[in-house]
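Subject: Structure handover

Hi,

Here is the structure I promised to pass on. Please load it first, then read the notes below.

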Amino acid sequence: MGFSLKFHCCLMSVWVLLPTLCYAQDYVKSRATYYGSPDCLGTPRGACGYGEFGRTVNDANVAGASYRLYKNGTGCGTCYQVRCTNPQLCTENGVNIVVTDYGEGDNTDFILSPRAYSRMAQSDKAGELFAYGVVEVEYQRIPCRYGGYKMQFKVHEHSKYPNYLAIVILYQAGQTEILAADVWQADCKEWIGMRRAYGAVFDTTYPPSGAVTLRFQVQGRAGVYWVQASNVIPSDWKAGVAYESDIELE
(Lines give C-alpha, C1' and ligand atoms only; values in the text may rest on other atoms or scores of the structure.)
Protein backbone atom coordinates (compact mmCIF):
# COMPACT_ATOMS: atom_id res chain seq x y z
CA MET A 1 0.00 0.00 0.00
CA GLY A 2 3.04 2.22 -0.26
CA PHE A 3 3.11 2.89 3.47
CA SER A 4 6.36 3.60 5.28
CA LEU A 5 7.00 4.41 8.92
CA LYS A 6 9.25 3.59 11.87
CA PHE A 7 7.51 0.62 13.33
CA HIS A 8 8.79 1.10 16.85
CA CYS A 9 6.51 4.12 17.27
CA CYS A 10 3.49 1.87 16.84
CA LEU A 11 4.35 -0.85 19.28
CA MET A 12 3.64 0.79 22.63
CA SER A 13 0.02 0.68 23.70
CA VAL A 14 -2.11 0.78 26.80
CA TRP A 15 -5.11 -1.54 26.65
CA VAL A 16 -8.33 -0.04 27.94
CA LEU A 17 -10.52 -2.75 26.43
CA LEU A 18 -10.59 -6.10 28.12
CA PRO A 19 -12.27 -9.27 26.83
CA THR A 20 -14.62 -10.72 29.40
CA LEU A 21 -15.23 -14.45 29.65
CA CYS A 22 -18.96 -14.06 30.12
CA TYR A 23 -19.12 -12.60 26.59
CA ALA A 24 -17.38 -15.61 25.04
CA GLN A 25 -18.46 -16.26 21.48
CA ASP A 26 -17.18 -17.78 18.28
CA TYR A 27 -14.66 -15.80 16.28
CA VAL A 28 -15.67 -14.57 12.83
CA LYS A 29 -13.16 -15.04 10.04
CA SER A 30 -12.43 -12.00 7.87
CA ARG A 31 -9.63 -9.77 6.57
CA ALA A 32 -8.06 -6.55 7.79
CA THR A 33 -5.77 -3.86 6.45
CA TYR A 34 -4.51 -0.47 7.67
CA TYR A 35 -4.56 3.16 6.59
CA GLY A 36 -1.70 5.60 6.32
CA SER A 37 -0.96 7.91 9.24
CA PRO A 38 2.25 9.89 9.85
CA ASP A 39 2.01 9.46 13.62
CA CYS A 40 0.55 5.92 13.86
CA LEU A 41 -2.68 7.30 15.38
CA GLY A 42 -6.28 7.33 14.20
CA THR A 43 -7.94 9.96 12.04
CA PRO A 44 -9.90 12.93 13.44
CA ARG A 45 -12.03 12.91 10.28
CA GLY A 46 -13.66 9.52 10.79
CA ALA A 47 -17.25 8.94 9.70
CA CYS A 48 -18.43 8.53 13.30
CA GLY A 49 -17.86 12.25 13.94
CA TYR A 50 -15.65 11.79 17.01
CA GLY A 51 -13.04 14.32 15.93
CA GLU A 52 -9.85 14.32 18.01
CA PHE A 53 -11.36 11.73 20.36
CA GLY A 54 -11.46 9.31 17.43
CA ARG A 55 -7.77 9.91 16.78
CA THR A 56 -6.50 9.05 20.25
CA VAL A 57 -9.12 7.02 22.16
CA ASN A 58 -7.93 3.60 23.36
CA ASP A 59 -4.34 4.71 22.79
CA ALA A 60 -5.20 5.06 19.08
CA ASN A 61 -6.10 1.38 18.70
CA VAL A 62 -9.02 2.27 16.44
CA ALA A 63 -10.47 1.16 13.12
CA GLY A 64 -12.83 1.87 10.30
CA ALA A 65 -15.41 -0.92 10.06
CA SER A 66 -17.24 -2.44 7.13
CA TYR A 67 -20.85 -1.58 6.35
CA ARG A 68 -22.19 -4.61 8.22
CA LEU A 69 -20.35 -3.58 11.40
CA TYR A 70 -20.67 0.19 10.98
CA LYS A 71 -24.46 -0.21 10.74
CA ASN A 72 -25.10 3.31 9.43
CA GLY A 73 -23.48 4.74 12.55
CA THR A 74 -25.01 2.46 15.18
CA GLY A 75 -21.74 0.52 15.21
CA CYS A 76 -19.74 3.61 16.19
CA GLY A 77 -18.07 3.15 19.56
CA THR A 78 -18.33 -0.64 19.54
CA CYS A 79 -15.29 -2.73 20.44
CA TYR A 80 -13.72 -5.84 18.95
CA GLN A 81 -10.82 -8.14 19.53
CA VAL A 82 -9.06 -8.63 16.20
CA ARG A 83 -6.21 -11.09 15.68
CA CYS A 84 -4.47 -12.20 12.51
CA THR A 85 -4.31 -15.91 11.83
CA ASN A 86 -0.64 -16.20 10.81
CA PRO A 87 1.07 -17.73 13.88
CA GLN A 88 4.52 -17.00 12.45
CA LEU A 89 3.88 -13.26 12.59
CA CYS A 90 1.07 -12.60 15.02
CA THR A 91 0.23 -12.88 18.69
CA GLU A 92 -2.59 -14.98 20.04
CA ASN A 93 -4.37 -12.02 21.66
CA GLY A 94 -4.17 -9.61 18.74
CA VAL A 95 -5.53 -6.12 19.41
CA ASN A 96 -8.68 -4.68 21.00
CA ILE A 97 -10.06 -1.81 18.94
CA VAL A 98 -12.78 0.83 19.00
CA VAL A 99 -14.79 1.52 15.84
CA THR A 100 -14.40 5.22 15.01
CA ASP A 101 -14.87 5.24 11.24
CA TYR A 102 -16.42 3.52 8.25
CA GLY A 103 -14.20 1.85 5.70
CA GLU A 104 -13.97 -1.19 3.45
CA GLY A 105 -10.97 -2.53 1.57
CA ASP A 106 -10.26 -5.80 -0.22
CA ASN A 107 -13.02 -7.90 1.38
CA THR A 108 -12.07 -6.50 4.79
CA ASP A 109 -14.14 -5.87 7.89
CA PHE A 110 -11.52 -3.60 9.48
CA ILE A 111 -9.18 -0.88 8.28
CA LEU A 112 -6.97 -0.43 11.31
CA SER A 113 -4.88 2.50 12.46
CA PRO A 114 -1.16 1.74 12.01
CA ARG A 115 -0.79 1.37 15.78
CA ALA A 116 -3.64 -1.12 15.99
CA TYR A 117 -2.35 -3.08 12.98
CA SER A 118 1.12 -3.37 14.49
CA ARG A 119 -0.36 -4.55 17.79
CA MET A 120 -1.42 -7.79 16.09
CA ALA A 121 2.22 -8.63 15.35
CA GLN A 122 4.84 -10.31 17.48
CA SER A 123 7.33 -7.80 18.85
CA ASP A 124 9.87 -8.21 16.03
CA LYS A 125 7.46 -8.96 13.18
CA ALA A 126 5.61 -5.67 12.66
CA GLY A 127 7.59 -4.79 9.53
CA GLU A 128 6.73 -8.11 7.89
CA LEU A 129 3.07 -7.73 8.82
CA PHE A 130 2.91 -4.25 7.28
CA ALA A 131 4.46 -5.66 4.10
CA TYR A 132 1.46 -7.96 3.66
CA GLY A 133 -0.91 -4.99 3.47
CA VAL A 134 -4.01 -7.17 3.90
CA VAL A 135 -4.09 -10.14 6.29
CA GLU A 136 -6.50 -12.87 7.25
CA VAL A 137 -8.00 -12.25 10.70
CA GLU A 138 -10.63 -13.47 13.08
CA TYR A 139 -12.57 -11.21 15.39
CA GLN A 140 -15.15 -11.15 18.15
CA ARG A 141 -17.25 -8.44 19.78
CA ILE A 142 -16.09 -7.48 23.28
CA PRO A 143 -17.30 -4.99 25.90
CA CYS A 144 -15.59 -1.59 25.97
CA ARG A 145 -13.85 -0.63 29.20
CA TYR A 146 -12.64 2.91 29.92
CA GLY A 147 -11.03 2.90 33.34
CA GLY A 148 -11.75 6.14 35.18
CA TYR A 149 -13.96 7.64 32.46
CA LYS A 150 -17.73 7.93 32.51
CA MET A 151 -19.90 8.79 29.55
CA GLN A 152 -19.44 12.26 28.10
CA PHE A 153 -21.71 14.31 25.84
CA LYS A 154 -19.71 16.45 23.48
CA VAL A 155 -21.30 19.44 21.77
CA HIS A 156 -20.16 18.97 18.21
CA GLU A 157 -18.05 21.71 16.65
CA HIS A 158 -20.74 22.39 14.03
CA SER A 159 -23.25 23.42 16.70
CA LYS A 160 -24.47 27.04 16.62
CA TYR A 161 -25.66 28.43 19.94
CA PRO A 162 -28.58 28.78 20.58
CA ASN A 163 -30.34 27.53 17.42
CA TYR A 164 -28.59 24.32 16.42
CA LEU A 165 -27.30 21.63 18.78
CA ALA A 166 -25.41 18.53 17.67
CA ILE A 167 -24.05 16.06 20.20
CA VAL A 168 -21.82 13.00 20.08
CA ILE A 169 -21.59 10.46 22.89
CA LEU A 170 -18.07 9.59 24.09
CA TYR A 171 -16.83 6.73 26.29
CA GLN A 172 -19.69 4.39 25.42
CA ALA A 173 -18.79 1.50 27.70
CA GLY A 174 -20.03 -2.08 27.75
CA GLN A 175 -21.17 -4.18 24.84
CA THR A 176 -23.75 -1.65 23.73
CA GLU A 177 -25.07 0.27 20.75
CA ILE A 178 -26.80 3.66 20.77
CA LEU A 179 -29.97 3.37 18.67
CA ALA A 180 -31.59 6.79 19.16
CA ALA A 181 -31.51 10.01 21.18
CA ASP A 182 -34.21 12.41 22.42
CA VAL A 183 -34.07 15.88 23.98
CA TRP A 184 -36.52 17.02 26.68
CA GLN A 185 -38.56 20.13 25.86
CA ALA A 186 -39.69 21.47 29.22
CA ASP A 187 -42.03 24.06 27.66
CA CYS A 188 -44.26 21.41 26.13
CA LYS A 189 -43.38 18.60 28.56
CA GLU A 190 -42.40 16.06 25.95
CA TRP A 191 -39.44 14.24 24.46
CA ILE A 192 -38.43 15.35 20.96
CA GLY A 193 -36.50 12.92 18.80
CA MET A 194 -33.07 13.98 17.61
CA ARG A 195 -31.90 13.19 14.09
CA ARG A 196 -28.92 10.92 13.55
CA ALA A 197 -27.04 13.39 11.37
CA TYR A 198 -24.28 10.90 10.60
CA GLY A 199 -22.17 8.37 12.45
CA ALA A 200 -22.53 8.93 16.20
CA VAL A 201 -23.74 12.54 15.82
CA PHE A 202 -27.33 13.43 16.81
CA ASP A 203 -28.75 16.90 16.22
CA THR A 204 -31.76 19.17 16.67
CA THR A 205 -32.73 22.58 15.31
CA TYR A 206 -34.85 23.22 18.42
CA PRO A 207 -32.52 23.11 21.44
CA PRO A 208 -34.19 23.82 24.79
CA SER A 209 -33.56 27.26 26.28
CA GLY A 210 -32.32 25.92 29.63
CA ALA A 211 -30.04 23.10 30.65
CA VAL A 212 -30.25 20.17 28.25
CA THR A 213 -31.70 16.85 29.39
CA LEU A 214 -31.17 13.93 27.04
CA ARG A 215 -32.20 10.34 26.87
CA PHE A 216 -30.78 7.72 24.55
CA GLN A 217 -31.90 4.28 23.53
CA VAL A 218 -29.39 1.54 24.22
CA GLN A 219 -29.16 -2.00 22.95
CA GLY A 220 -27.12 -4.18 25.28
CA ARG A 221 -27.09 -7.29 27.43
CA ALA A 222 -30.41 -6.33 29.05
CA GLY A 223 -32.12 -5.82 25.70
CA VAL A 224 -33.28 -2.41 24.45
CA TYR A 225 -33.79 0.30 27.07
CA TRP A 226 -33.63 4.08 27.60
CA VAL A 227 -31.04 5.90 29.71
CA GLN A 228 -31.69 9.47 30.86
CA ALA A 229 -29.04 12.14 31.41
CA SER A 230 -30.71 15.01 33.29
CA ASN A 231 -29.31 18.52 32.84
CA VAL A 232 -26.15 16.98 31.41
CA ILE A 233 -25.39 19.95 29.16
CA PRO A 234 -25.58 23.48 30.68
CA SER A 235 -27.82 26.20 29.28
CA ASP A 236 -24.81 28.18 28.04
CA TRP A 237 -23.30 25.24 26.15
CA LYS A 238 -20.38 25.80 23.84
CA ALA A 239 -19.41 24.06 20.62
CA GLY A 240 -16.48 21.71 20.99
CA VAL A 241 -16.88 21.16 24.74
CA ALA A 242 -17.49 17.69 26.23
CA TYR A 243 -19.64 17.49 29.37
CA GLU A 244 -19.17 14.57 31.72
CA SER A 245 -22.09 12.60 33.16
CA ASP A 246 -22.46 10.05 35.96
CA ILE A 247 -23.45 7.35 33.46
CA GLU A 248 -21.37 4.24 32.86
CA LEU A 249 -22.93 1.60 30.63
CA GLU A 250 -22.26 -2.07 31.26
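Start with D59, which sits in the loop between α1 and β2 (62-65). Keep in mind that this is a predicted model. D59 is not a glycine, yet its phi is positive, about 55 degrees. Its relative accessibility is 24%, so D59 counts as partly exposed.

N72 is another residue to look at. Its phi is also positive, near 55 degrees, and N72 is a residue other than glycine. N72 lies in the loop between α2 and β3. With 55% relative accessibility, N72 counts as exposed, since the cut-off for that class is over 50%.

Y161 and P162 are joined by a cis peptide bond, with omega at about 5 degrees. P162 belongs to the loop between β7 and β8 (165-170).

Now the sheet. Six strands make a closed barrel, in the order β1-β5-β2-β4-β3-β6. The pairing in this barrel is mixed. On average, neighbouring strands of the sheet are turned by 45 degrees against each other, direction ignored.

Next, the cysteines. How many disulfides does the count come to? The count is 3 disulfides.

C48 and C76 form one of them, with an S to S distance of 2.1 Å. The torsion about this S-S bond is -90 degrees, and the link of C48 and C76 is left-handed. C48 lies in the loop between β1 (28-34) and α1 (52-56), and C76 in the loop between α2 (67-70) and β3 (79-84), so this pair ties together parts that are 28 residues apart in sequence. Both C48 and C76 are buried.

Another disulfide joins C79 to C144, S to S 1.8 Å. C79 is in strand β3, while C144 is in the loop between β6 (135-142) and β7 (152-155), so the pair ties together parts that are 65 residues apart in sequence. The torsion about the S-S bond of C79 and C144 is about 110 degrees, so this disulfide is right-handed. Is C79 buried or exposed? At 0% relative accessibility, C79 counts as buried. C144 is buried as well, with a relative accessible area of 0%.

C84 and C90 form a disulfide too, with sulfur atoms 1.5 Å apart. Here the S-S torsion is 125 degrees, and the link of C84 and C90 is right-handed. C84 has 6% relative accessibility and counts as buried. C90 has 7% and also counts as buried. The cut-off for buried is under 20%.

One further cysteine is C188. At 42% relative accessibility, C188 counts as partly exposed.

Last, the annotation. An unreviewed UniProt entry places the feature "domain: Expansin-like EG45" at residues 45-149. In the model, the end C-alpha atoms of residues 45-149 are 23 Å apart. That span is 21% helix and 28% strand.

Best wishes

Technical notes
Residues are numbered from 1 along each chain as its sequence is written. This is a predicted model: local features need pLDDT of at least 70, side-chain atom pairs count only at pLDDT 80 or more; totals for chains, interfaces and linings use all residues. Side-chain values use heavy atoms; hydrogens and water are left out. UniProt positions are given in the numbering used here, feature names are shortened, and annotations may be inferred rather than shown by experiment. Helices (H or I, at least four residues) and strands (E, at least two) are DSSP runs, numbered from the N terminus. A disulfide is a pair of cysteine sulfur atoms within 2.5 Å. Buried means under 20% relative accessible area, exposed over 50%, partly exposed in between (1.4 Å probe, protein chains only). Two strands pair if DSSP finds at least two bridges between them. Axes are lines fitted to C-alpha atoms, for helices over the stretch in contact, and angles run from 0 to 180 degrees between N-to-C directions.
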